[in-house]
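Dear colleague,

I am handing over the structure below for your review.

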Amino acid sequence: MEEIIRYKMLKSRRKTIGLEITPKGELIVRAPQNAPMEAIEKVIREKASWIREHQKLAVERNKEREEFISGLDPISYEEIKHLANRMFVEFPPRVKEFASRLGVRVGRITIRTQRTRWGSCSSKGNLNFNCLVMLAPKEVQDYIIVHELCHRLEMNHSKRFWELVGSILPDYKESEKWLNTEGKLIMLRAFEAE
């Protein structure tokens, strides 16, 4: 007997039927609003072996990820509070110094704990920093500050923006690499290893 493949249906204005396997191995079928169920079921039957193979891979990867996360030492609420307090004292003078070097004005500085961003800059010049940055080396902290301050001159990630960053921190790409590896682990420790 043929195994039933369970799925979640999402209909939209798209023109084709698409299949997506989530990290937990669930199948999402994306289909046009007017797609007949027979056509959707036909695609699922034709792609059944691909679906099962990718579901199995996704489940295995997810299990490995969960085992990895469970081995991480979580960051406690008290630690986060301590980091925020330290940042509140240490960051404003450094922001002021780099702002002076770039010739920009800064509005309010806010310190938060965020799941995905290290910092942000509003069009009014208000800066927002993630207190988890305090777990990074000083040069990475400086990169976060300079990155956000450069948005006072370029509110984008254009070539000109990166030239500005490089004019202050020629080795900024090393900090980016650190954030993409070690920084991701910090985020995982703060939000998933609980």
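Predicted model: local features only at pLDDT ≥ 70, side-chain atom pairs only at ≥ 80, totals over all residues.

Glu-60 counts as partly exposed, because its relative accessibility is 39%; the class lies between buried (under 20% relative accessible area) and exposed (over 50%), with a 1.4 Å probe and protein chains only. Glu-60 belongs to helix α2, which covers residues 48-70.

Residues are numbered from 1 along each chain as its sequence is written, and side-chain values use heavy atoms, with hydrogens and water left out.

The chain contains six helices and six strands, taken as DSSP runs (helices H or I, at least four residues; strands E, at least two) and numbered from the N terminus. Along the sequence they follow the pattern β-β-β-α-α-α-β-β-β-α-α-α. The chain is more spread out than a compact globule, because its radius of gyration is 23 Å, well over the 16 Å that the globule rule gives for 194 residues; the radius is taken over C-alpha atoms, and the rule is 2.2 Å times the number of residues to the power 0.38. Along the principal axes, the C-alpha atoms fill a box of roughly 70 × 40 × 25 Å.

Of the 194 residues, 39% count as buried.

Yours sincerely
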